[in-house]
Amino acid sequence: MKCNTLKKLWLMLLLFSLSFIPVFAVNEEAGTTGFANLKNVYSARAIALGQSLTGQVRNPDGLYFNPAAILNIEGKELGTTYTNSFIDTQGGQIQYLLPKNKFTAWGFAIKYMNMGSMERTEVDNNGDLISTGETFGAYDIIGSVSLAKYITDAVDLGGTLKVIYDQIDDKSASAVMVDLGMIHHPANPNVKVGISLRNIGFQTSYYSATDYKEKLPFTFAAGITYQFIPTLLGCLEIDKVTGENILAKLGLEYELNPALALRAGFRSNASEGYNGGNLAFLSGFSLGAGWNWKNCRLDYGVTSYGDLGLINQLSLSYEF
């Protein structure tokens, strides 16, 4: 009976994903939301697994995916991630997990992104772009506090309060949001189901004096994980972000031994990297590995955006 139920869960999620996700099309409203860094994932393990971790339990990456998932982490954990993105863009995250007991856990994170230096241009009388010889920069920073609580043997709940400050040249804007998450523990202990609602909030300051409101990238995510064997974890997730198509994410993690894990993933928004070049076929795929030594963990992940390039991330954490 448990096996049949599991198969039905996987089949429903898979059919839903394949039926409604236009893998080779870009949503007409793409790019209509502001505060883009709210959608960026800073975790080498997460990007290697296709960013499919909304349904995983005892997960430090729940600070981004699902705040309910940080419950029952074995010990306090301090972690940091560095990411190297397109052109000169760089970013990272510092996080701290504080489990109080089996009923309560706290988490804190600071995430930043620096877009580097960009050339300032103007439009001449003919409508052509001309260089001014000047440059400008852009960056943002996100601070968050998360709380997870045990509700019943079948349900954990969590919430995150976060603030973002974004600056482009001499203009800036900010917003306040909450994330809400739930983890469900079915009768089969190998199956976990998660749901999260992210970026529910409002803008508190504006780039211009006209108080033009940026749309926040509200995200609904539903995920399921299955422990096939003690050394093999499978993840499946579907997301819907404001202004984007429904997105499917897949991930597999295999532990070669207690010290080394190999990971692979795929995101269905592959068309974002289809620009007619030779690397388009790689868009959406990701790979990575993790190494554990005593209380330290080192993770590496790389994900392809086709002809746009690769995003590399390196994470280091220490449990105490």
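Student: What percentage of the 320 residues in the chain do buried residues make up?

Tutor: This is a predicted model, in which local features need pLDDT of at least 70 and side-chain atom pairs count only at pLDDT 80 or more, while totals for chains, interfaces and linings use all residues. Residues are numbered from 1 along each chain as its sequence is written, and side-chain values use heavy atoms, with hydrogens and water left out. Buried means under 20% relative accessible area, exposed means over 50%, and partly exposed lies in between (1.4 Å probe, protein chains only). Of the 320 residues in the chain, the buried ones make up 44%.

Student: How many helices and strands does the chain have?

Tutor: Both are DSSP runs numbered from the N terminus: a helix is H or I with at least four residues, and a strand is E with at least two. By that rule the chain has 2 helices and 14 strands.

Student: Among contacts with a separation of 6 or more, what percentage is due to residues 24 or more positions apart?

Tutor: A contact means heavy atoms within 4.5 Å. Among the contacts in the chain with a separation of 6 or more, residues 24 or more positions apart account for 54%.

Student: Over how many bridges do β1 and β14 pair?

Tutor: Two strands pair if DSSP finds at least two bridges between them. In β14, Leu314 is the bridge partner of Tyr82. Strand β14 spans residues 310-319, and its antiparallel pairing with β1 runs over 8 bridges.

Student: Which residue in the turn of the hairpin formed by β1 and β2 has a positive phi?

Tutor: Strand β2 (residues 90-101) pairs with β1 in the antiparallel sense over 8 bridges, and Leu97 in β2 is the bridge partner of Glu77. The hairpin has 5 residues between its strands, and the turn residue with a positive phi, about 55°, is Ile87.

Student: How many residues join β10 to β11 in their hairpin?

Tutor: Strand β10 (residues 247-257) also pairs with β9 (residues 232-241), antiparallel over 8 bridges; that hairpin has 5 residues between its strands, with Gly243 in the turn at a positive phi of about 80°. On the β11 side (residues 260-267), 8 bridges join the antiparallel strands, with Ala264 as the bridge partner of Leu252. The hairpin from β10 to β11 passes through 2 residues.

Student: Which strand gives the largest share of the lining of the largest cavity?

Tutor: On a 1 Å grid over the protein atoms alone, a cavity is a set of points where a 1.4 Å probe fits but cannot get out, a pocket is an open set with protein on both sides within 12 Å along at least five of seven lines, and lining residues have an atom within 4 Å of a point. There are 2 cavities of 30 Å³ or more, and the largest holds about 130 Å³ of space, a volume being the space filled by probe spheres set on grid points joined across faces, edges and corners. Its lining includes Leu38, Ile110 and Asp179. The largest share of that lining, 3 residues, comes from β3.

Student: Which residues lie nearest the centre of the second largest pocket?

Tutor: The second largest pocket contains about 1,100 Å³ of space, and β14 gives the largest share of its lining, 5 residues. Of the 48 lining residues, those nearest the centre are Arg45, Gln56, Arg58, Pro60 and Arg297.

Student: Is Asn199 buried or exposed?

Tutor: Most residues other than glycine have a negative phi, and most peptide bonds are trans. Asn199, in strand β7 (residues 191-205), has a positive phi of about 65° although it is not a glycine. With a relative accessible area of 3%, Asn199 is buried.

Student: Is Lys294 buried or exposed?

Tutor: Lys294 is not a glycine either, and has a positive phi of about 55°. Lys294 lies in the loop between β12 (285-293) and β13 (296-304). With a relative accessible area of 72%, Lys294 is exposed.
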